[in-house]
Amino acid sequence: MPNTSNTQFTHFVPYEAAKGEEYMNDAQKDHFRHILLAWKQELMEEVDSTIHHLQEEASNFADPSDRASQEEEFSLELRTRDRERKLIKKIREAMERIEEDDYGYCDTCGIEIGIRRLEARPTATMCIDCKTLAEIKEKQVGS
Ligand SMILES: [Zn+2]
């Protein structure tokens, strides 16, 4: 089974901002551009390996008694692939925001999201306060 726990990207050196450094200056944009690109690359490789894995398994349908468990595994992998695709789309959108100088600011209140939060969640479009609020509202609607 391919590794499916790639909803976070961790292979990077945390950015050390100099004192008084401007938020989202070129160096910071480069930093996040690099993270997003590397993460996207990793996810795309994973999507590829999932496809290969599915193709291998599909040619192995000799024993009907294995079918049920294989089908279950298939649908699990397809869901993973779907999740990865959505994530890749979000990464692309984040990269576009960098080019449009929109990256790193909260969509809802316009405040700086912050380097550390963006490193933990490079696709974040909301500050932690707005995100928390949105999640509470979502739960209230859902219940
Ligand atoms: Zn906000």
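These are my notebook entries on what I looked up in this structure, which is a predicted model.

**Entry 1. Overall make-up**

I began with the secondary structure. The protein has four helices and zero strands. Followed along the sequence, the pattern reads α-α-α-α. I then looked at burial and found that 36% of the 143 residues count as buried. For the accessible surface of the protein I noted about 9500 Å², with 51% of that belonging to carbon and sulfur atoms. Among contacts between residues at least 6 apart in sequence, 63% join residues at least 24 apart.

**Entry 2. Aromatic pairs**

How many aromatic pairs does the structure hold? I found two. One of them is made by Tyr23 and Tyr105, whose ring centres are 5.3 Å apart. Their planes stand at 85°, so I recorded this pair as edge-to-face.

I next asked where the two tyrosines lie. Tyr23 is in the segment before helix H1, which spans 26-58. Tyr105 is in the loop between helix H2 (67-99) and helix H3 (115-120). The pair therefore ties together parts that are 82 residues apart in sequence. Are these two residues buried or exposed? Tyr23 counts as buried at 12% relative accessibility, while Tyr105 is partly exposed at 29%.

Phe32 and Tyr103 also form an aromatic pair, and I noted it as tilted. The distance is 5.5 Å centre to centre, with 50° between the planes. Phe32 belongs to helix H1 and Tyr103 to the loop between H2 and H3, so this pair ties together parts 71 residues apart in sequence. I looked up burial here too. Phe32 is buried, with a relative accessible area of 0%, and Tyr103 is buried as well, with 2%.

**Entry 3. Salt bridges**

I turned to charged side chains. Side chains of opposite charge can pair when their charged atoms come close. A search of the whole structure gave eight salt bridges. I wrote down several of them.

In helix H2 I looked at Asp82 and Lys86. Their side chains meet in a salt bridge of 3.2 Å, N to O. The two residues are four apart in the helix, which means that about one helical turn separates them. Asp82 is partly exposed, with a relative accessible area of 39%, and Lys86 is exposed, with 54%.

Helix H2 also contains Glu93 and Lys89. Glu93 forms a salt bridge with Lys89, and the closest N and O atoms are 3.3 Å apart. These residues, too, are four apart in H2, with about one helical turn between them. I noted Glu93 as partly exposed at 32% relative accessibility and Lys89 as exposed at 52%.

What joins Arg116 and Glu119? I found a salt bridge between their side chains, 2.7 Å from N to O. Both residues are in helix H3, three residues apart, or about one turn of the helix. Arg116 is partly exposed, with a relative accessible area of 46%. Glu119, by contrast, is buried, with 5%.

I also recorded a network: Asp26, Lys29 and Asp101 are joined into one by salt bridges that share partners.

**Entry 4. The region at 106-130**

I checked the UniProt record for annotated features. In an unreviewed entry, UniProt places "zinc finger region: dksA C4-type" at residues 106-130. I looked at what the chain does there in the model. Over residues 106-130 the chain is 36% helix and 0% strand. The end C-alpha atoms of this stretch are 8 Å apart.

**Entry 5. Cysteines**

How many disulfides does a search of the whole structure find? The count is zero. Cys109 is partly exposed, with a relative accessible area of 47%. Cys127 is at 7% relative accessibility, and therefore counts as buried, the cut-off for that being under 20%.

Notes:
Residues are numbered from 1 along each chain as its sequence is written. This is a predicted model: local features need pLDDT of at least 70, side-chain atom pairs count only at pLDDT 80 or more; totals for chains, interfaces and linings use all residues. Side-chain values use heavy atoms; hydrogens and water are left out. A disulfide is a pair of cysteine sulfur atoms within 2.5 Å. Buried means under 20% relative accessible area, exposed over 50%, partly exposed in between (1.4 Å probe, protein chains only). Rings of Phe, Tyr and Trp (its six-membered ring) pair if their centres lie within 6.5 Å; planes under 30 degrees apart count as stacked, over 60 as edge-to-face and the rest as tilted. UniProt positions are given in the numbering used here, feature names are shortened, and annotations may be inferred rather than shown by experiment. Contact means heavy atoms within 4.5 Å. Accessible areas come from the Shrake-Rupley method with a 1.4 Å probe; for residues, only the protein chains shown count as cover. A salt bridge is a side-chain nitrogen of Lys or Arg within 4 Å of a carboxyl oxygen of Asp or Glu.
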